[in-house]
Amino acid sequence: MMSKRCLHVFNRSIIQSKCNNRLAHCNTLCRPNPSPQLRPFSSLPARIVQFQTASTTSSLPAFLQFARTQLRNATHRDLLRSRYSSPRRPPRRPNWLDSINGNVIFVAVIAINAGVFLLWQGAKSTYQTTRDPTLWIFLRNNFLVNWENITSGRVWTLITSCFSHQDIEHILFNGLSFYFMAPGVMQVLGNSRFLGLYFLGGIASSVTSLVWNRFYKRESNYSSHGASGAILATIAFYACAFPRTRFLIFFVIPCPAWAFLPGILTFDVYRSVTDARTTTDTAGHVGGMLSGISFFLWRVALRR
């Protein structure tokens, strides 16, 4: 009887201890955790203390260096910096023109000019020998920019006339200018933008020549052709981008770009206004140079 009573008391104590443990566990879950105790720096390892002290003392100079760098980037802009580095614009997708070797574009422009020049020589020779003006009429209607062609709907002559040369002196001078200037501009802008500048200069030159000779000089039959306007657009852009570059006037006389561009622009404006009797389309030259300057200013505006 005594053993049964002891067993009953033992079981009851076990059940009560389990209940107390569960109650203590519930109180622990319901009670908010106390804030962790932070050990002083003296109790931390020496390396951690040294790292935290160094980072605290160097935070101010690092911040000043960061501020100076950002201030310099905001006030000192590279005018010809690629758009890929601009934080305001997403990277431009590469197109198939930029993936082509630049020498291919360079040789293609020269080859087209040379091909059209040979067509002009063939048209002259054919007309002189057989009196057949078919090729001559085709070239006149498609590779000369004049008021008649534009009003007849042949607006493509605004561009095709930029690849047209009839005289050997004309194509040699423009060819040499293109040979020396085009590679540098193409390296700065890339293939697609270079062609955009080249065609912009050619179109601006053709439009300026048309408007000037039709409404100022009152010459409705005036025709113009040649790559001078497009080439002068590339020269004007390069002179604005690198004003300290030296140009060779007539490939002999050295002249800085900052003086060359205003000088030749003033000279062509003077010859256009004074109506100097010359076969050179000076009004087209002015249009080409102004388009190159405008293209440079537009490129600068994209950086701001």
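1. Helix H10 passes helix H12 in a right-handed crossing; a crossing is called right-handed if the near helix is turned clockwise from the far one by less than a right angle, and left-handed if anticlockwise. H10 and H12 (residues 282-301) pack at an angle of about 40°, with their axes 7 Å apart. H10 is therefore oblique to H12. Angles under 35 degrees count as roughly parallel, over 145 as roughly antiparallel, 65 to 115 as roughly perpendicular and the rest as oblique. The axes are lines fitted to C-alpha atoms, for helices over the stretch in contact, and the angles run from 0 to 180 degrees between N-to-C directions.

2. On the H10 side, the contact with H12 is made by Ser-228, Gly-229, Leu-232, Ala-233, Ala-236, Phe-237, Cys-240 and Ala-241. H12 contributes Gly-284, His-285, Gly-288, Met-289, Ser-291, Gly-292, Ile-293, Phe-295, Phe-296 and Arg-299. Contact here means heavy atoms within 4.5 Å. By class, these residues are 10 nonpolar, seven polar and one charged. Ala, Val, Leu, Ile, Met, Phe, Trp, Tyr, Cys and Pro count as nonpolar, Asp, Glu, Lys and Arg as charged, and the others, Gly among them, as polar.

3. The model is predicted: local features need pLDDT of at least 70, side-chain atom pairs count only at pLDDT 80 or more, and totals for chains, interfaces and linings use all residues. Residues are numbered from 1 along each chain as its sequence is written, and side-chain values use heavy atoms, with hydrogens and water left out.

4. The average pLDDT of the chain is 77, and 68% of the residues score at least 70; pLDDT is the predictor's confidence in each residue, from 0 to 100. Over residues 1-11 the pLDDT stays under 50, and the model has zero contacts beyond four places in sequence for them. Residues 22-60 also have pLDDT below 50, with four contacts in the model beyond near neighbours in sequence. Where pLDDT is low, the predicted coordinates should not be read in detail.

5. The secondary structure comprises 12 helices and four strands. Helices (H or I, at least four residues) and strands (E, at least two) are DSSP runs, numbered from the N terminus. Of the 304 residues in the chain, 32% are buried; buried means under 20% relative accessible area, exposed over 50%, and partly exposed in between (1.4 Å probe, protein chains only). Among contacts between residues at least 6 apart in sequence, 69% join residues at least 24 apart.

6. H10 (residues 228-241) also meets helix H8 (residues 168-189): their axes come within 9 Å and cross at roughly 40°. H8 and H10 are therefore oblique to each other, and their crossing is left-handed. From H8, the contact involves His-170, Asn-174, Ser-177, Phe-178, Met-181, Gly-184, Val-185, Val-188 and Leu-189; from H10, Ser-228, Ile-231, Thr-234, Ile-235, Phe-237 and Tyr-238. The residues of this contact are nine nonpolar, six polar and no charged.

7. Ser-228 deserves a separate comment. This residue lies in H10 and is buried, with a relative accessible area of 13%. Leaving aside neighbours within four places in sequence, Ser-228 is in contact with His-170, Asn-174 and His-285.

8. H8 packs against helix H9 (residues 191-216) as well, the axes coming within 7 Å and crossing at roughly 130°. H8 is therefore oblique to H9, and the crossing of H8 and H9 is right-handed. Phe-178, Ala-182, Val-185, Met-186 and Leu-189 of H8 make the contact with Asn-191, Arg-193, Phe-194, Leu-197 and Tyr-198 of H9. This contact has eight nonpolar, one polar and one charged residues.

9. Arg-131, in the loop between helix H4 (102-130) and helix H5 (134-142), has a positive phi near 60°, although it is not glycine; at 57% relative accessibility it is exposed. Arg-218, in the loop between H9 and strand S2 (223-224), likewise has a positive phi near 60° and is exposed, with a relative accessible area of 63%. Val-155 lies in the loop between helix H6 (147-151) and H7, and at 49% relative accessibility it counts as partly exposed. Val-155 and Asn-142 are 13 residues apart in sequence, with a C-alpha to C-alpha distance of 9.0 Å.
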